[in-house]
Amino acid sequence: MGSTATGEARLAPLRERLRHAWQVPLAVLLFCAYVAYLTTTFERVPKALVQGVQPADFPLLLIGVILLLTAVLVWQLIHNPDPPRSRLPATFFVTVGLFLAFAGIAAWVDLFAGFAVFAVGLSLAWGERRLVPILAIAVVLPLAIFLLFDLVLEIRFPRGVLTSLYYD
Amino acid sequence: MLEGALAGLAALLDPKLLALIFAATIGGVIIGALPGLGATTGAAILLPFTVTMEPIPAIALLATIYCAATYAGAITAILINTPGTTAAAATCIDGYPLAQRGEAGRALGMATVSSTMGGMFSVLVLAVAAPALAQLAYKFGPPEYFALALFGLSMLASISSGGAIKNLIAGTFGVLLATVGMDLMTGVERFTFGMPELTEGIHFIPVLIGMFALSELLVQSTRMNMIMERIAMKAVQLPSRADYLRTWKTILRSCGIGTFIGVLPAEGATVASMIGYNEAKRWSKNKAEFGKGAIEGVAGAEAANNAATGGAMVPTLALGIPGSATTAVILGGLLVHGLRPGPHLFNEQPEFVFAIFGTMFVANVMFFGLGLMGAKLFARVTLIPNAFLWPMVFMLAVVGTYALDQSIMDVWIMLGCGVLGFVMRRFGFSVVPVAIGLILGELVETTFKQSMVMFDNNAWLFFTRPIADIFFLLTVAGLCAPLIMDRLARRWRSGGPEEGQGRS
């Protein structure tokens with residue numbers, strides 16, 4: 001019983017390291033498995049044309065290299081674990097939410113409306129409360145960028161609710 | 001070549017180009033002084049804006065941003081103990097303690113002088129070494145380029161951030177990203193998911209901007225409660241005679257170290273500054289002062305990091321292999337303007353190449369003057385609230401990405417890479433290897449396939465090529481370098497040679 005308790009005590013740190021060592025390798029493994037599956041969907045080219053190297057061969061070689069390195073990484077993480085990560089604050093999740101909101105508004109409403117929402121949202125989320133500078137960043141800056149790119153660099157932006165007012 | 005060189009240097013007499021270099025120097029100093037931005041991010045965001053410019057002004061702008069931003073990281077490193085760029089991380093160690101005891105002006109003056117000397121030294125080396133290396137590249141065929149690209153990827157193991165294995169995984173992932181699109185040899189589409197926008201592959205600029213700028217934006221969102229203590233400063237002081245006598249050997253040594261490290265593919269100013277700092281400490285007679293405000297610490301780090309800028313341009317211009325993350329962006333700028341780095345560039349457009357050499361030299365002179373006169377003013381950019389700065393960066397990033405090909409798909413790729421870059425950084429992976437892997441990926445695959453065709457699918461024949469063998473050996477050395485550096489670092493930490501004992 002005593003030797004079991006001692007063995008348990010020795011195994012506890014190893015278990016703790018194993019607990020944290022699997023996340024990254026598992027994610028890499030799943031990614032590699034998915035990519036390897038995708039390579040099976042590539043067209044195969046007749047041997048006479050391809051001269052030995054099929055389109056899937058090089059990506060598969062890279063997957064093999066990544067898997068080999070990941071095996072070494074597992075060993076490394078067990079013996080030299082990563083430092084613990086702090087919890088992500090709410091501002092991070094709000095910022096990611098703003099990325100998604102921007103993407104949605106830019107795709108379905110207007111790119112520059114997306115900028116305005118992002119700028120206002122980010123400024124407020126990051127603690128800024130002065131309304132005038134926030135509005136300046138949200139309205140004046142996108143307008144300045146639009147005019148600079150349209151008039152000087154002659155870039156046409158995607159048509160949206162706001163840009164159509166200018167282009168039409 | 002001589003005529004081209006003179007034509008290139010004569011281009012610098014154009015007032016518009018000089019004005020552009022001046023404006024870019026100011027921009028570079030501001031970018032470099034702002035923690036979280038940095039030369040790579042700044043250059044990546046500005047690259048799309050240079051697409052409509054002529055090649056010389058476009059690349060001059062990017063090169064100037066590189067030189068100026070690398071220097072300017074020292075400003076915030078010294079005044080608020082937060083490096084404006086990763087290349088100034090080593091400068092914090094002794095720069096901030098100097099500022100704390102009221103010698104911020106002295107520290108900044110030394111940083112300015114050392115950076116300028118490092119930068120100028122490396123540009124002179126660049127002007128000599130790059131053409132010579134480019135001529136050597138005439139002997140390179142696909143096997144040599146494959147081996148060289150492999151060497152470039154192996155050097156990712158020893159860049160400072162992330163562990164060696166994680167860096168190599170990230171670099172290999174970057175190479176894998178480069179396989180997206182149509183395979184040039186067979187015409188087969190790979191990883192396009194039926195989207196025509198992906199047929200030409202993933203452009204590296206959205207990936208770069210996402211991985212550097214947007215991931216940093218997400219990192220900043222996790223640091224809202226960080227308070228930076230800012231040290232007040234009266235004026236920047238030129239080093240005294242005593243300081244020059246104390247640091248001249250350190251500066252010279254760091255110039256050499258930085259230039260050499262910069263020439264190595266994928267290394268760059270960050271690695272150079274750390275090695276420069278370590279060597280300054282190792283050779284110093286006042287080791288005990290290091291960490292508490294040793295002026296040699298500032299000199300060693302700053303001379304090395306700016307020396308790396310010219311060094312990193314050597315393989316970039318001569319071989320098309322980026323010497324650092326920022327030169328990877330500059331390489332992208334060259335490709336966007338239809339310029340293929342290598343011997344043909346030096347032979348057919350020497351005026352372009354020498355104009356860039358001249359630009360970098362002038363940029364060093366300009367940031368010397370601006371740094372001495374305006375470092376205190378530039379430090380005030382850190383007063384811009386993040387809540388205003390980062391929305392501006394976001395808008396410029398999105399618009400710049402879109403402007404490349406006027407494709408909204410690039411914007412989605414950039415956003416996705418921003419989130420991916422943050423996740424990678426959170427789990428200890430560096431994003432620099434992904435960028436370099438993506439840029440080198442097409443070269444690696446194409447030259448590998450061409451070589452296999454040449455060798456009739458007998459890969460052993462790679463070893464019959466002497467130049468390729470040299471690069472293969474360097475690849476092995478590059479992969480072993482982290483182990484060697486780790487052992488050396490442990491040896492230094494355990495004390496190294498005692499003071500008073502001579503070196504054999």
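At what angle do the axes of α9(B) and α16(B) cross, and within what distance do they come? In this predicted model, the two axes cross at roughly 165 degrees and come within 10 Å. That angle makes α9(B) roughly antiparallel to α16(B), because angles over 145 degrees count as such. The contact draws on B:Ile205, B:Pro206, B:Ile209, B:Ala213, B:Leu214, B:Glu216, B:Leu217 and B:Gln220 from α9(B). The crossing of α9(B) and α16(B) is left-handed.

Helix α2 (residues 15-33) and helix α15 (residues 350-379) of chain B pack at an angle of about 50 degrees, and their axes are 9 Å apart. α2(B) and α15(B) are therefore oblique to each other. The crossing of α2(B) and α15(B) is right-handed. On the α2(B) side, the residues that meet α15(B) are B:Leu18, B:Ile21, B:Phe22, B:Thr25, B:Ile26, B:Val29, B:Ile30 and B:Ala33. Their partners in α15(B) are B:Thr359, B:Val362, B:Ala363, B:Met366, B:Phe367, B:Leu370 and B:Phe378.

B:Phe367 of α15(B) is also among the residues touched by B:Ser115. B:Ser115 is placed in helix α6 (residues 104-136) of chain B and counts as buried, because its relative accessibility is 0%. Apart from residues up to four places away in sequence, B:Ser115 touches B:Tyr71, B:Glu302, B:Ala303, B:Asn305, B:Asn306, B:Asn364 and B:Phe367. Between B:Ser115 and B:Ser284 there are 169 residues in sequence and 19 Å in space, C-alpha to C-alpha.

**Helix α17 of chain B**

Helix α17 of chain B covers residues 408-426. At 1.5 Å a residue, its 19 residues should span 27 Å, and the 28 Å between its end C-alpha atoms agrees with this. The N-terminal end of α17(B) is capped by B:Ser407, whose side-chain oxygen lies 3.2 Å from the backbone nitrogen of B:Met409. Just after α17(B), B:Gly428 adopts a positive phi of about 90 degrees.

The buried residues of α17(B) are B:Met409, B:Asp410, B:Val411, B:Ile413, B:Met414, B:Leu415, B:Cys417, B:Gly418, B:Gly421, B:Phe422 and B:Met424. These buried residues pack against elements of both chains: α5 (90-108) of chain A, and α8 (164-177), α9 (204-221), α16 (386-405) and α18 (432-454) of chain B.

B:Arg425, in helix α17 of chain B, is partly exposed, with a relative accessible area of 31%. Residues up to four places away in sequence aside, B:Arg425 touches B:Met211, B:Phe212, B:Ser215, B:Glu216, B:Val219 and B:Val431. B:Arg425 and B:Leu218 are 207 residues apart in sequence, yet 10 Å apart in space, C-alpha to C-alpha.

Most residues other than glycine have a negative phi. B:Gln406 has a positive phi of about 50 degrees although it is not a glycine. B:Asp456, likewise a residue other than glycine, has a positive phi near 55 degrees. B:Gln406 lies in the loop between α16 and α17 of chain B, whereas B:Asp456 is found in the loop between α18 and α19 (466-493) of chain B. The table gives the accessibility of both, together with that of other residues discussed in this report.

| Residue | Relative accessibility | Class |
|---|---|---|
| B:Gln406 | 36% | partly exposed |
| B:Asp456 | 65% | exposed |
| B:Arg425 | 31% | partly exposed |
| B:Ser115 | 0% | buried |
| A:Ser123 | 0% | buried |

Chain A contains 8 helices and 0 strands. Of its 168 residues, 38% are buried. Among contacts in chain A between residues at least 6 apart in sequence, 48% join residues at least 24 apart.

A:Ser123 lies in helix α6 (residues 111-125) of chain A and counts as buried at 0% relative accessibility. The side chain of A:Ser123 reaches across to chain B, where the backbone oxygen of B:Ala387 is 3.0 Å away. Leaving aside neighbours within four places in sequence, A:Ser123 is in contact with A:Glu128 and A:Ile134 in chain A and with B:Ala387, B:Phe388 and B:Pro391 in chain B.

How values were computed. Residues are numbered from 1 along each chain as its sequence is written. Chains are lettered from A and ligands numbered from 1 in the order in which they are written. This is a predicted model: local features need pLDDT of at least 70, side-chain atom pairs count only at pLDDT 80 or more; totals for chains, interfaces and linings use all residues. Side-chain values use heavy atoms; hydrogens and water are left out. Helices (H or I, at least four residues) and strands (E, at least two) are DSSP runs, numbered from the N terminus. The expected span of a helix is 1.5 Å times one less than its number of residues. Buried means under 20% relative accessible area, exposed over 50%, partly exposed in between (1.4 Å probe, protein chains only). Contact means heavy atoms within 4.5 Å. A polar contact is a pair of N or O atoms within 3.5 Å; within protein, one must be able to donate a hydrogen and the other to accept it, and residues adjacent in sequence count only if both atoms are side-chain atoms. Axes are lines fitted to C-alpha atoms, for helices over the stretch in contact, and angles run from 0 to 180 degrees between N-to-C directions. Angles under 35 degrees count as roughly parallel, over 145 as roughly antiparallel, 65 to 115 as roughly perpendicular and the rest as oblique. A crossing is left-handed if the near helix is turned anticlockwise from the far one by less than a right angle, and right-handed if clockwise.
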